[in-house]
Amino acid sequence: MNKKITKYTSAAILITFVTGSLYVAGLMGVSTISNKLSPKINSQTQLEEVVEREKKKLDPLNKFNISAKLSPRKVAVSRSLRNGKYEIEIDENYATESRVKHELYHIIDGHCDDVYMIKSKLGRNLKYLFWYEPQAVIYQSTGLKP
Ligand SMILES: [Zn+2]
């Protein structure tokens, strides 16, 4: 009896793990392909221009104050500075128009603020992976707002 339960539990864990891995790989794959096909950004000035241009599409009323920096660190991230301002930090490897769209979507759809409302780390990670991230990937690769 116990052995049977253990067997089913192991199978359930394995299926969850495999499905989860495929999902994450798929998400990352779409994001990576979109980045590869997208025009590169090579300078701080160009980054600011792309942010300005792309921000108009997502934030036509200009409600968000967003700065961007081309970073020497290996990073592609958007964050709330928690003073009404937001920041995108991105390094040269990740700096494409597609990735800028992705990070802008996180900010303007409120993901960077929402995340502070969720107390548990597991809850934050799950919401990020299954709610925020797919939306940002859909926007960066199709231009559609989910
Ligand atoms: Zn993201």
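Predicted model: local features only at pLDDT ≥ 70, side-chain atom pairs only at ≥ 80, totals over all residues.
Residues are numbered from 1 along each chain as its sequence is written.

**Exercise 1. The overall plan**

Find how many helices and strands there are in the chain, and in which order the elements run.

*Solution.* Start with the terms: helices (H or I, at least four residues) and strands (E, at least two) are DSSP runs, numbered from the N terminus. On that basis the chain has 5 helices and 3 strands. Read from the N terminus, their order is α-α-β-β-β-α-α-α. Next, look at the extent: the C-alpha trace spans about 65 × 35 × 30 Å along its principal axes. Finally, take the contacts, where two residues are in contact if their C-beta atoms, placed from the backbone, lie within 7 Å. Among contacts between residues at least 6 apart in sequence, 55% join residues at least 24 apart.

**Exercise 2. Helix 1**

Compare the reach of helix 1 with its expected span, and find which of its residues are buried.

*Solution.* Helix 1 covers residues 2-37, which is 36 residues. The expected span of a helix is 1.5 Å times one less than its number of residues. From first C-alpha to last, helix 1 reaches 52 Å, close to the 52 Å expected.

For burial, a residue is buried if 20 or more other C-beta atoms lie within 10 Å of its own, exposed if 12 or fewer, and partly exposed in between, with C-beta atoms placed from the backbone. Helix 1 is hardly covered, with 3 buried residues among its 36. These are S31, S34 and N35. Helix 3 and helix 5 are among the elements that cover them. For the chain as a whole, 24% of the 146 residues count as buried.

**Exercise 3. Helix 3 against helix 5**

Describe how helix 3 packs on helix 5, and list the residues that meet.

*Solution.* Two packed helices are described by the angle between their axes and the distance between the axes. Axes are lines fitted to C-alpha atoms, for helices over the stretch in contact, and angles run from 0 to 180 degrees between N-to-C directions.

Helix 3 (residues 97-108) and helix 5 (residues 121-142) pack at about 140 degrees, with their axes 8 Å apart. That angle makes helix 3 oblique to helix 5; angles under 35 degrees count as roughly parallel, over 145 as roughly antiparallel, 65 to 115 as roughly perpendicular and the rest as oblique.

The crossing of helix 3 and helix 5 is right-handed. A crossing is left-handed if the near helix is turned anticlockwise from the far one by less than a right angle, and right-handed if clockwise.

On the helix 3 side, S98, R99, K101, H102, Y105 and H106 take part, and they meet Y132, Q135, A136, V137, Y139 and Q140 of helix 5. By class, the residues of this contact divide into 5 nonpolar, 5 polar and 2 charged. Here Ala, Val, Leu, Ile, Met, Phe, Trp, Tyr, Cys and Pro count as nonpolar, Asp, Glu, Lys and Arg as charged, and the others, Gly among them, as polar.

**Exercise 4. Helix 2 against helix 3**

Repeat the analysis for helix 2 and helix 3.

*Solution.* Their axes lie 10 Å apart at an angle of about 50 degrees, and helix 2 and helix 3 are therefore oblique to each other. Their crossing is right-handed. V50, V51, E54, K55 and L58 of helix 2 meet E97, V100, K101, L104, Y105 and I108 of helix 3. This contact has 7 nonpolar, no polar and 4 charged residues.

**Exercise 5. Two tyrosines**

Is Y105 buried or exposed, and is Y116 buried or exposed?

*Solution.* Y105 is found in helix 3. Y105 is buried because 22 other C-beta atoms lie within 10 Å. Setting aside residues up to four places away in sequence, Y105 touches L58, Q135, A136, Y139 and Q140.

Y116 sits in the loop between helix 4 (111-114) and helix 5. With 10 C-beta neighbours inside 10 Å, Y116 counts as exposed. The C-alpha atoms of Y116 and S80 are 9.8 Å apart, although 36 residues separate them along the chain.

**Exercise 6. Positive phi**

Locate N62 and R82, and give the phi of N62 and of R82.

*Solution.* N62 lies in the loop between helix 2 (44-58) and strand 1 (65-71). Its phi is near 55 degrees, a positive value in a residue other than glycine. N62 is exposed, since 8 other C-beta atoms lie within 10 Å.

R82 lies in the loop between strand 2 (76-80) and strand 3 (85-91). R82 is not a glycine, yet has a positive phi of about 60 degrees. With 10 C-beta neighbours inside 10 Å, R82 counts as exposed.
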